[in-house]
Amino acid sequence: MDVKTAVKDIRQGKISPLYVLYGSEKFRMNEFAAALENQLIAKEDRDFAVIPFDLSETPVQAVIEEAETVPFMVPRKLLLVRDASLFTAGKENAKLEHRIEALNDYLQRPADFSVIVFMVNNDKLDERKKIVKAVKAAGTVLAFNPLGAEELLRWVEKAIRDQGCVMAPGTAEALIASAGTGLQGLSGEIDKLCLFAGRGGTVDTAAVDSLVHRGTEQTVFTLVEDIANLRLDKALDALNELLKQREEPIKIAALIARQFRIILQVKDLSALSYSQGQIASQLGLHPYAVKLAGEQARKFESRRLRQILSTMADLDYQMKTGAIDKVLGLELFMLRLGA
């Protein structure tokens with residue numbers, strides 16, 4: 001079952017006795033848990049009915065004991081269990097003894113007044129474990145992976161609409177370029193932009209430029225984009241902005257080299273007919289970052305990208321040995337690229 005189907009079922013009152021949520025998108029995972037809480041538990045009952053656990057501090061049998069205990073003053077309980085590493089291949093806390101058989105027994109006869117939500121901070125579950133197979137058979141297991149490039153854009157657009165604001169063309173792209181692809185960070189910036197625009201107001205790229213802080217990696221990405229389009233004046237402005245923020249020139253050079261390396265890798269894998277999702281998985285990148293790197297890759301030949309990386313390696317050596325002034329070395333590198 002996918003997340004959309006699970007949310008639809010919840011709204012229709014089809015509640016599973018147990019959920020296992022896993023993946024790297026913690027923001028969406030928390031959103032799902034909040035939606036489940038809103039559907040199951042009245043606001044005035046939440047102090048009694050919503051019970052948090054952390055399996056790094058509490059054995060799983062204590063969770064089961066609570067789930068089997070009849071609720072007090074409320075019709076139903078929701079148990080939110082974090083750090084549920086017993087479903088993954090990682091090492092479990094040696095100080096705690098988790099009696100997995102207690103969970104196995106519970107899955108055979110789950111209490112009808114309790115819903116357990118296990119939240120796993122891992123990209124995948126260990127399919128070899130019997131308990132993973134058991135929860136898949138008796139409960140609902142949902143993966144919260146990074147949104148695809150187009151999904152991320154739609155998510156930003158919807159988040160702005162949901163706050164009663166209008167979005168000008170190109171705003172979603174500008175916001176992601178400035179704030180990155182993390183949903184938690186994007187959500188905070190959207191709150192800020194919509195508060196500035198006011199209900200019914202328009203959020204545009206000018207507002208993004210003036211209100212959203214651009215991190216070092218996002219600035220380096222824009223710098224490379226400016227280099228690719230031969231906008232050297234803007235690229236030098238971006239470099240000066242990073243230097244004003246007291247970023248170490250060697251670090252800036254390393255981040256520039258990293259971006260060019262990503263562009264080359266995306267170009268090479270695309271030539272082998274890898275999909276955007278496959279490239280993202282192979283390189284450990286967000287699909288939107290792969291999309292943008294692919295657009296940049298079209299502006300360079302593979303041979304040229306390898307030359308740039310070789311030049312960056314030489315520059316790194318010269319900067320670290322004092323053979324060249326670090327800031328001057330970066331400026332010369334960018335000027336030569338545009339020559």
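1. Let us start with the aromatic residues: rings of Phe, Tyr and Trp (its six-membered ring) pair if their centres lie within 6.5 Å, with planes under 30 degrees apart counted as stacked, over 60 as edge-to-face and the rest as tilted. Tyr 19, Phe 32 and Phe 144 form one aromatic cluster by that rule.

2. A word on the source before going on. This is a predicted model, in which local features need pLDDT of at least 70 and side-chain atom pairs count only at pLDDT 80 or more, while totals for chains, interfaces and linings use all residues. Residues are numbered from 1 along each chain as its sequence is written, and side-chain values use heavy atoms, with hydrogens and water left out.

3. Now the sheet. Helices (H or I, at least four residues) and strands (E, at least two) are DSSP runs, numbered from the N terminus, and two strands pair if DSSP finds at least two bridges between them. Five strands make up an open, parallel sheet, ordered β2-β3-β4-β1-β5. At its edges are β2 (50-54) and β5 (140-143), each of which pairs on one side only. From one strand to the next, the twist averages 15°; axes here are lines fitted to C-alpha atoms, for helices over the stretch in contact, and angles run from 0 to 180 degrees between N-to-C directions.

4. Look next at the middle of that order. Strands β3 (residues 77-82) and β4 (residues 114-120) run parallel and are joined by five bridges. Val 81 has Phe 118 of β4 as its bridge partner. Helix α2 (residues 26-40) packs on the sheet and touches β1 (18-22), β2, β3, β4 and β5, its direction making about 170° with that of β4; contact means heavy atoms within 4.5 Å.

5. Back to the rings, where the whole structure holds six aromatic pairs. One of them joins Phe 32 and Phe 144 edge-to-face, at 5.9 Å centre to centre and 65° between the planes. Phe 32 belongs to helix α2 and Phe 144 to the loop between β5 and α7 (149-162), so this pair ties together parts that are 112 residues apart in sequence.

6. Another edge-to-face pair is that of Phe 48 and Phe 72, at 6.3 Å centre to centre and 70° between the planes. Phe 48 is partly exposed at 44%, whereas Phe 72 is exposed at 58%.

7. Finally, the charged side chains: there are 16 salt bridges in the structure, each a side-chain nitrogen of Lys or Arg within 4 Å of a carboxyl oxygen of Asp or Glu. One of them links Lys 77 and Glu 66 at 2.8 Å, N to O. Lys 77 sits in strand β3 and Glu 66 in helix α4 (residues 60-68), so the pair connects parts that are 11 residues apart in sequence. Lys 77 is buried at 3% relative accessibility, while Glu 66 is partly exposed at 25%.

8. A second example stays within one helix. Lys 192 and Glu 189 form a salt bridge whose closest N and O atoms are 2.9 Å apart. These two residues are three apart in helix α9 (residues 183-197), and are thus separated by about one helical turn.

Notes:
Buried < 20%, exposed > 50% of the residue type's maximum accessible area, 1.4 Å probe, protein only.
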